[in-house]
Amino acid sequence: MTRIVKIETTPFAGQKPGTSGLRKKVKTFREPHYLENFVQSIFNAVENMEGATLILGGDGRYYNRDAVQIILRMAAANGVARMVVGQGGLLSTPAASCLIRKQKAKGGIILSASHNPGGPDEDFGIKYNSDNGGPAPEVITNAIYAESQSIREYRTLDTADIELSEIAELSLGGMAVEIVDPVKEYRKLMKRLFNFKKIKKLFKSGFRLRFDAMHAITGPYAQDILERKLGAPKGTVINAEPLEDFGGHHPDPNPVHARALFDVMFAPGAPDMGAASDGDGDRNIVLGRGIYVAPSDSLAVLAANAHLAPGYENGLAGVARSMPTSCAVDRVAAEVGMPCFETPTGWKFFGNLLDVGKATLCGEESAGTGSDHVREKDGLWAVLLWLNILAERQESIQEIMHAHWRTYGRNFYSRHDYEAVDSTAAEALMTALKAKLVTLPGQSVEGETVASADDFTYTDPVDGSVSNNQGVRILFESGARVVFRLSGTGTDGATLRVYLERYVADPEEFETETQVALERIIRAADQIAGIFQHTGRKEPDVIS
């Protein structure tokens with residue numbers, strides 16, 4: 001007979017979820033009791049878990065399979081009635097959100113460190129998503145953290161692992177375990193949103209796409225939908241097999257880590273479109289032949305053209321962007337007279353807006369876009385929306401981008417990441433920067449006069465909750481701006497993110513190289529924050 005075992009434990013410092021869950025090195029998660037403590041804290045903090053249905057799966061990175069078995073045993077010991085698990089323990093983050101909503105589940109546990117590298121010496125992550133399918137709000141993540149700092153025991157079953165490789169309905173200590181096709185429900189949802197017949201016709205006409213799944217979770221989804229359902233030639237999806245270490249690569253679709261895709265798209269004979277997704281399938285990158293579509297520009301173009309897809313043919317209720325994201329989408333919203341919301345970084349802040357119908361389309365500069373179809377950003381969804389727009393407009397990506405800039409002007413935009421910065425130095429930089437905010441307005445730096453400076457505070461228009469200290473904003477009289485944030489997604493030291501933006505209305509300047517267009521703003525940012533002085537870094541590690 002399977003029995004419940006109570007294991008004594010003590011708290012671990014630092015089990016505080018970041019913008020999207022708890023992320024640490026694999027070796028940290030493999031320490032005795034570490035994962036179990038956090039999982040038990042979820043069960044303790046979230047009300048009415050007994051008798052509930054939960055969704056479980058992850059991006060397939062190293063330790064995913066072990067973690068799934070641990071969580072299943074603990075769920076059964078904590079009275080969960082039913083667990084719906086992706087076959088092999090795999091689920092993309094947007095597919096997990098889709099299943100939570102489809103199954104009307106209590107929530108879900110998603111195992112991923114998103115775009116961070118994977119492998120025995122790399123990163124792992126876990127987060128709880130609420131019953132709306134989105135990342136848990138701060139009231140829940142704060143409660144989970146509080147439980148993790150006072151935990152004294154966790155509950156599990158004394159039983160062996162169960163087989164997850166086949167679609168099946170099993171039982172574990174009285175808890176039902178349903179192993180499901182991880183792609184099926186997601187594919188059905190995409191078919192309702194997009195005109196598959198038109199996209200299929202596009203591929204039949206000779207349109208060529210190169211989709212780099214980066215040996216991450218999106219591979220099976222992209223092969224199923226793009227190649228098998230939409231008729232893209234076999235081999236359109238490359239690096240399609242999910243691997244525990246992502247093939248030794250960094251599964252982040254940006255100009256550095258997706259360099260091979262950029263090389264193809266800027267070479268003679270390039271395909272019509274290039275695209276990639278990240279570790280857990282929630283981010284995307286889009287390129288045309290000889291042109292890179294920056295994530296902020298992509299959000300703006302999707303907002304202007306979403307009505308061309310069946311799922312959005314009645315228009316958008318509103319759009320939302322994270323504060324550091326370029327203001328390009330604001331210009332689209334203003335043109336058509338729809339609301340545009342500015343939120344803190346973290347997809348959970350979009351959830352309330354989506355739930356009450358204030359926004360339909362949301363996006364972050366970090367290559368994340370999504371809509372009200374789920375409560376996560378969704379990489380493959382963004383690629384399919386682009387394909388639907390291309391099928392309808394019968395123009396190239398380059399033609400669409402140039403037409404967009406002629407209509408709205410161009411927001412030159414870039415993010416500079418200083419990775420693995422000494423945490424003390426990074427905190428000192430931000431502390432010094434915040435101390436001078438009150439004195440910055442009116443100052444001239446590199447020919448730019450500061451109009452305002454603040455530490456962004458967000459008041460949720462739905463529930464009135466307030467989120468403070470969400471990033472330092474420096475706005476110049478010219479309309480340019482700089483934003484400084486310390487990221488919560490890394491596992492080594494601190495990552496300083498510097499976001500730089502400048503609006504240009506003159507078409508003669510549209511073809512300027514982005515870093516050249518921003519060079520004055522880049523110099524101003526370094527002078528204001530003292531980046532070199534505090535970090536010793538003369539240039540960023542990643543420019544995107």
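Visitor: In which order do the seven strands of the open sheet stand, and how are they paired?

Guide: Strands of a sheet pair through backbone hydrogen bonds, either parallel or antiparallel. Here the seven strands form an open sheet in the order β20-β21-β24-β25-β26-β19-β27, with antiparallel pairing, and the edge strands, each pairing on one side only, are β20 (444-445) and β27 (542-543). Two strands count as paired if DSSP finds at least two bridges between them, while helices (H or I, at least four residues) and strands (E, at least two) are DSSP runs numbered from the N terminus. This is a predicted model, in which local features need pLDDT of at least 70 and side-chain atom pairs count only at pLDDT 80 or more, whereas totals for chains, interfaces and linings use all residues. Residues are numbered from 1 along each chain as its sequence is written, and side-chain values use heavy atoms, with hydrogens and water left out.

Visitor: How many bridges join β25 to β26?

Guide: Seven bridges join β25 (residues 481-487) to β26 (residues 494-504), and the two strands run antiparallel; Ser 487, for instance, stands opposite Thr 495 in β26.

Visitor: Which strands does helix α15 lie across?

Guide: Helix α15 (residues 423-435) lies across β19 (410-421), β21 (448-455), β24 (472-476), β25 and β26, running at about 140° to β25. Contact means heavy atoms within 4.5 Å, and the axes are lines fitted to C-alpha atoms, for helices over the stretch in contact, with angles from 0 to 180 degrees between N-to-C directions.

Visitor: What lines the second largest pocket?

Guide: On a 1 Å grid over the protein atoms alone, a pocket is an open set of points with protein on both sides within 12 Å along at least five of seven lines, a cavity is a set where a 1.4 Å probe fits but cannot get out, and lining residues have an atom within 4 Å of a point. The second largest pocket is lined by 36 residues, of which Pro 255, Tyr 292, Ala 294, Arg 410 and Thr 514 lie nearest its centre. The largest share of this lining, six residues, comes from β19, and α10 (295-305) is among the elements that each supply at least two residues.

Visitor: Why is α10 described as largely enclosed by the rest of the structure?

Guide: Ten of the eleven residues of α10 are buried, so this helix is largely enclosed by the rest of the structure, where buried means under 20% relative accessible area (1.4 Å probe, protein chains only). Among the buried residues are Pro 295, Leu 299 and Asn 305.

How values were computed:
Buried < 20%, exposed > 50% of the residue type's maximum accessible area, 1.4 Å probe, protein only.
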